[in-house]
Every structure is written in C-alpha cells, then in structure tokens.
Amino acid sequence: MPEQLTSDPWAKVISRNGFSGDALISMLQKSIRRGNEKAALVAAYEMYITSPQFADKLWRRLLCISVEDVGFGNLHAPETIWSLYKMRRNFTYPVGDQPIFLIHAVRYLCRSVKDRSSDNLKSMLAMDFAHGYVPEVPDYSYDMHTVKGREMGRGNAHFLREASMVNPEMDEEWVRKLHDDYMHFCEIENNDDKVEAFLNMQW
C-alpha cells in the first residue's frame, strides 16, 4: 500500500514541547484505557496547548473513546462527553475556564468501567465483509412495510405476531394484555366492531 495511504497525518504535527502528534494521541487513549489519570491528563493538556486544531482533535478522540473503550461499561459516557464538548465552546481558547471541561472529561473516562466489545465487533464485521461475507435478510424482516412482505400477503396480524416482537420485553401484565387486545382489534373486520372493541378495552 502506498506510504501516503498508511501514514497518520497527525504524526507530522509537533506539539509545543516537541512530541509527535500521533504519540500523544496514542498516549492519551492508552492511558485512559488503563485508568492512568495523570498520564492521560498530561497528554491531553499537551495536545490542548499546542493548537486549537489539536484541541479539536483531542475532543473528537474523547468522543470516540466514550464508545470505543468505555462502551457498555458506562452507557452515560457518550452523552456526558458530548455535553462537556459542547459546554467548552462557550469559553475562549486557550485560557480561562475552557480547560476545566477537558480535565473533567478525561478524569471521567479514566474512572469509568471499560468495555471494548463494540469496537471488537466493528473490527470483526469489517474483516468479514472485506473477505466477501454477504448477509442474509431474515424472513421476519419481510412484513407489511416492505414490498416483498406485502407481496407475501403479510399484514397487521403478521406484524404483531412476528415483526414487532421485542427481546427482552418489559415483563408487565398490562403490556402483554395490550398486545393481545391490539391483536384482537386487528382481527375484527367490521369497523363498528373495532370502535366498540377499543372503547371496551380495560386500561
């Protein structure tokens, strides 16, 4: 593969204190993964003071880390980092209060429980598709919302029995009863009976 396609453009960026950009990005992410708060903060602040462009790259990396490395370990991480990312825009770069949002974001990610399963699955899917994998559309996908499903004569009843099936489902009696009532509702052909059936439902 040509060199220009494999090289990281951030490797050509030199930070304020003489570090290569790709090394700092790697230091940031690997330190967050390990919960090494001090090293992660040092890398982040070095990126931040180098330039506004490198600071933006830093925030994009943190957004990615919130899903790539934290994942299901802390499902609130993406929204928290996104909020901090947006909040910091109300403060002037490079001085003042803006860095506190960065510091808080890095500490939050370092202290979060980690889970890399989504990134692992992403990589596995990419490799499978690159090696020629072609997915099959399961039968339950063909319902009244698709051309093939309508050609197969599938309507509301099929949708309720198959296509709208959820798992895991909320384990509440009223949820199951409402589903059964709706099933009965759809099976009634007479419109007047439908109105009466709806009015007689027990909520």
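**A tour around three tyrosines**

Start by selecting Tyr45, Tyr48 and Tyr93, which ring pairs link into a cluster. Rings of Phe, Tyr and Trp (its six-membered ring) pair if their centres lie within 6.5 Å; planes under 30 degrees apart count as stacked, over 60 as edge-to-face and the rest as tilted. Before you go on: this is a predicted model, where local features need pLDDT of at least 70, side-chain atom pairs count only at pLDDT 80 or more, and totals for chains, interfaces and linings use all residues. Residues are numbered from 1 along each chain as its sequence is written, and side-chain values use heavy atoms, leaving out hydrogens and water.

Now zoom in on tyrosine 48 and tyrosine 93: their pair is edge-to-face, 4.9 Å centre to centre with 65 degrees between the planes. Tyrosine 48 sits in helix H3 and tyrosine 93 in the loop between helix H5 (77-87) and H6, 45 residues apart. (Helices are DSSP runs of H or I, at least four residues, numbered from the N terminus.)

Buried or exposed, how does tyrosine 48 count? It's buried, at 1% relative accessibility, while tyrosine 93 is partly exposed at 24%. Buried means under 20% relative accessible area, exposed over 50%, partly exposed in between (1.4 Å probe, protein chains only).

Next, hop to phenylalanine 129 and tyrosine 133, whose ring centres are 5.4 Å apart with planes at 80 degrees, so this pair is edge-to-face too. Phenylalanine 129 is partly exposed at 45%, and so is tyrosine 133 at 43%.

Last stop: serine 51, in the loop between H3 and helix H4 (52-70). Serine 51 is buried, at 17%, and its side chain reaches the backbone nitrogen of phenylalanine 54 at 3.0 Å.

Note on methods. Helices (H or I, at least four residues) and strands (E, at least two) are DSSP runs, numbered from the N terminus. A polar contact is a pair of N or O atoms within 3.5 Å; within protein, one must be able to donate a hydrogen and the other to accept it, and residues adjacent in sequence count only if both atoms are side-chain atoms.
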